[in-house]
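Me: Hey, I'm new to reading protein models. Can you walk me through the one below?
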Amino acid sequence: MPESAAYPAGCARTHRIADLAPGDEAVLAGRIVAGIGEESPRLVDESGEVWLACGRIPERVRIGDVAEVRGIWRPPEFQAQSHRVLAPALRAPEGGPAPGILRTRARVLSFVRRFFENAGFLEVETPLLVPSPGMEPHLDAFETHYSENGHVKRYYLPTSPEYAMKRLLSCGFERIFQICKSFRQDAPGPMHSPEFTLLEWYRAFADYTTIMADTEHLIHSLVREVTGVSSVMYRGRTIDFTPPWQRLSVREAFARYAGVCADPAGDLDGFIHQARQQGHGSVSPDDPFEVAFFKVFLDAVEKRLGAGRPMFLVDYPAEMAALARLKQNAPGIAERFELYVCGVELANAFTELNDPAEQRARLEDEAARRQHGGRPAYPIDERFLGALEAGMPPAGGIALGIDRLLMVLTDARHIRDVVAIPFCNT
């Protein structure tokens, strides 16, 4: 079938709009646009826009067409002499992200890579089809199937590249990082997309305090790179990223912000009793540990973390850290932290558990909890456990949400505002 003459091949463009100088004779190319009440159309390309001299564009050129326009730049208008439609607009174009945000996103990703390369880290890539996506009881993965010689195998999109990256630690790679897509079966919302971008990095022979220092240095440097100063405006508040950042234990946070001092793991009855006394009416006397914990946490604690300055929420109950090492002098506490800015969780990190027997027991416990909660059953990742059995060095690691970090840097209200093409569930 011959191609339509309405879609000519090639383009004679000589200038981008941003490169025009007064008096230039030029061929421009872009989209014809006009706002409500505007008498003259504008031509827009990625670099900028110009007003087209009134009456110079024939009526058959419609608003929305992608066109080539030949003429002379005489500010404040481009004096159009001839035109050619390159692609007619048969429908209204899809709205895209703000160009400035996408440029900031590209700048952030470039800076992150330079930062880790300069620190001696190796960038790695791990599979997006995995036999086990992770066992966390509150996370569900996307499932797919692979057929080979009539045999169908079940695979998943990873909720995190953590298992695979720890296998690389076991292979002798001591400093590794990755920027990748991860996937979680949660409803889309202002702070979550089922497909999102994670930055993960791991250091052998380190712990979570080293990862905290990495995080402070990375994000503070990134803020200065993007803004030229050490602070940003987010949700109407100035956030100062100058290190050192605040550190607050989970127990201290519950006492300070919720008025609950009892240990939610070691003294659940006391925790529930105090929570109800403090007015947390959603907490029920028969709530299990994690349900009671998160009811109080979401109601009174999380939204107050990182106000004005970033905050590391540290030392979680051991029951909430299936992949983290426990403190030697406090076995009921896990060496885990989460990073918060203005009530938004940006990162989750551990001193990594490297005892294979303990790790297997925890994964089996999580599998049982998934089954009890009616969640889909996932196989335990035996290659991950095999890497621990071969010997994985002591290490610290972190998962940091790039999309949420960009929301903070650009004061975006919704995660869809900081990605090129948002997740679509229609």
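Me: Which residue in β3 is the bridge partner of Arg 42?
Reply: In β3, Arg 42 has Trp 51 as its bridge partner. This is a predicted model, where local features need pLDDT of at least 70, side-chain atom pairs count only at pLDDT 80 or more, and totals for chains, interfaces and linings use all residues. Residues are numbered from 1 along each chain as its sequence is written, and side-chain values use heavy atoms, with hydrogens and water left out.

Me: How many bridges join β2 to β3?
Reply: There are 4, and β2 and β3 (residues 48-52) run antiparallel. Strands here are DSSP runs of E, at least two residues, and helices are runs of H or I, at least four, numbered from the N terminus. Two strands pair if DSSP finds at least two bridges between them.

Me: What do the strands build?
Reply: A closed barrel of 5 strands, in the order β1-β2-β3-β5-β4, with mixed pairing.

Me: New topic: how many residues does helix α3 have, and what should they span?
Reply: Helix α3 (residues 208-227) has 20 residues, which should span 28 Å at 1.5 Å a residue, and its end C-alpha atoms are 28 Å apart, so the two agree. The expected span is 1.5 Å times one less than the number of residues.
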